[in-house]
Amino acid sequence: MTASLDRMTFCIHTFGCQMNKHDSERIAGMLEGLGAVMVDAIEDADIVVFMTCCVREAADVRLYGQVASLKNVPLREGTPLAKRIVAVGGCIGQRDGDKLTRELPHLDVVFGTHNLGSLPGLLMAAVGEGGHHVEVLDSSDAFPTALPTSREHSWAAWLPITVGCDNFCSYCIVPYVRGREKSRALEDIVDEARGYVEAGVREITLLGQNVNSYGRDRYGEPRFVDVLDAVDATGIERLRFATSHPKDLTDEVIERFGTLRSLMPALHLPAQSGSDRILAAMNRRYTREHYLGLIAKLREACPGIALSTDLIVGFPGETEEDFLQTLSLVEEVGYSQVFTFIYSKREGTPAASMPDDTPREVIQERFDRLVEAVQRCAHDANQAELGQVVDVLVEGTSKRDSSMLAGKSPKNQTVHAPLPEGQTAEELVGTVVPVLVDEARTWYLAGRVLGADGRP
Ligand code: SAH
Ligand code: SF4
Ligand code: F3S
């Protein structure tokens, strides 16, 4: 293809989940392939792409404000364009389509979740002809991963194995903006994983809204466990996956935490609530007992596995009794990390029409109590690492202190350690170093890198 975005700069602002982050890497890959150069700041960018999220209301409202305020940002010196080109994609693009260009007249391009590959054409049309260019499709047959990619980190890669979601949890907008679940062919997944291993990638994270139901749209074969086995066999050093729906997590997958060389001892298993009544209203299709049964099996297969979850507070009709069930679930499981959300009403979802009369202050107070419990659990879970040596995949330096290495343990904990004498952060980024942990806080571990002689 000719380099038709030559001499232009672009930046991508990404919100929401790993799917969006991964889609942004694909976009960067496509635009760089057309000769454009990625920059960090909007001020320096001729083209600004917003990859949006509408899972909760706050992000949704902010997006409209952010795009509107771009009008006041002057063009960079030396730009080949007479006007900055602004594009909105991702889940708000998919949901709102040309409503966006009606409300935001200086917006040039809107695209959705099913047509990432159309973006270069839409941008070029906007550059060449001016005017609005909106394209949103109801679904797509092409798996987006056929597109080029420009990864954020050379040592880690996200690898989508499914797109879309068929679960329709009653609060959630994702199935409406990402479409039906589609699984990618196993050969394609393995090819891509092999390519990453050859390129020196050390960690692969398999992605899907519910990776456990992989293959269901392909007559049930192969299954997710087959994907795990096949990607492990490529020789990748560290393997992770997200996200898992508890109703579909199988015993075979649980066993792999004890047997598969590359599978890291950490699992994100969203519970959403600890109350059976609320779980039923959420259409989650499992009970607290089933969930706790999974946790017991995971701990048996992989003692010490780090468990994380998502919890929603203030779902319509949630009583104090229901909330206490969620609180006690946190204590019972002893999570290493919990993402806590206040329920946000999303138009078009079943929960949006459920009676919802819990006062705001009550919900906020429950949320604060939950956060307090979550922090206590995370702190306690990290204590198990004191005095242990953990293998840390170095990601860079600490944001606050450039003489401190920062990286991730197998359990996905953030680990800090002083840069060993005579070595630079650049040399160590993307390598795995052993760290003796001597401090365990709520949000991170700290220690010292061991030398070749096994001493700090
Ligand atoms: N497919 C993934 C991610 C879904 S979105 C999964 O099932 O886990 C990420 C999290 O956002 C969800 O797990 C849920 O906890 C939260 N969430 C989704 N919709 C929400 C809403 N309407 N209000 C508050 N939190 C919500
Ligand atoms: Fe939303 Fe449920 Fe699908 Fe996750 S599994 S994306 S929470 S509908
Ligand atoms: Fe948000 Fe879309 Fe992901 S709504 S959470 S970016 S699938």
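Modeller: Gladly! One idea comes before the rest: a polar contact is a pair of N or O atoms within 3.5 Å. Keep in mind that this is a predicted model.

Colleague: Which atom of ligand 1 is 2.6 Å from an N or O atom in the side chain of aspartate 310?

Modeller: An oxygen atom of ligand 1 lies at that distance from the aspartate 310 side chain. Glutamine 272 also places a side-chain N or O atom 2.6 Å from an oxygen atom of ligand 1. With glutamine 209, a polar side-chain atom is 2.8 Å from a nitrogen atom of the ligand. On its own, ligand 1 exposes 540 Å², and the protein buries 89% of that.

Colleague: How do the residues of the shell around ligand 1 divide?

Modeller: They divide into 7 nonpolar, 4 polar and 3 charged. Strands E13 (306-313) and E14 (337-342) each supply at least two residues of this shell.

Colleague: In what order do the strands of the open sheet come?

Modeller: The order is E12-E13-E14, with parallel pairing. Strand E12 (266-268) and E14 are the edge strands, each pairing on one side only. From one strand to the next, the twist averages 10 degrees. E12 and E13 are joined by 3 bridges, and histidine 268 has serine 308 in E13 as its bridge partner.

Colleague: And which residues are around ligand 2?

Modeller: Among them are Cys165, Phe168, Cys169, Cys172, Gln209, His245 and Arg284. By class, that shell holds 7 nonpolar, 3 polar and 1 charged residues.

Conventions. Residues are numbered from 1 along each chain as its sequence is written. Chains are lettered from A and ligands numbered from 1 in the order in which they are written. This is a predicted model: local features need pLDDT of at least 70, side-chain atom pairs count only at pLDDT 80 or more; totals for chains, interfaces and linings use all residues. Side-chain values use heavy atoms; hydrogens and water are left out. A residue is near a molecule or strand if one of its heavy atoms lies within 4 Å of it. Ala, Val, Leu, Ile, Met, Phe, Trp, Tyr, Cys and Pro count as nonpolar, Asp, Glu, Lys and Arg as charged, and the others, Gly among them, as polar. A polar contact is a pair of N or O atoms within 3.5 Å; within protein, one must be able to donate a hydrogen and the other to accept it, and residues adjacent in sequence count only if both atoms are side-chain atoms. Accessible areas come from the Shrake-Rupley method with a 1.4 Å probe; for residues, only the protein chains shown count as cover. Helices (H or I, at least four residues) and strands (E, at least two) are DSSP runs, numbered from the N terminus. Two strands pair if DSSP finds at least two bridges between them. Axes are lines fitted to C-alpha atoms, for helices over the stretch in contact, and angles run from 0 to 180 degrees between N-to-C directions.
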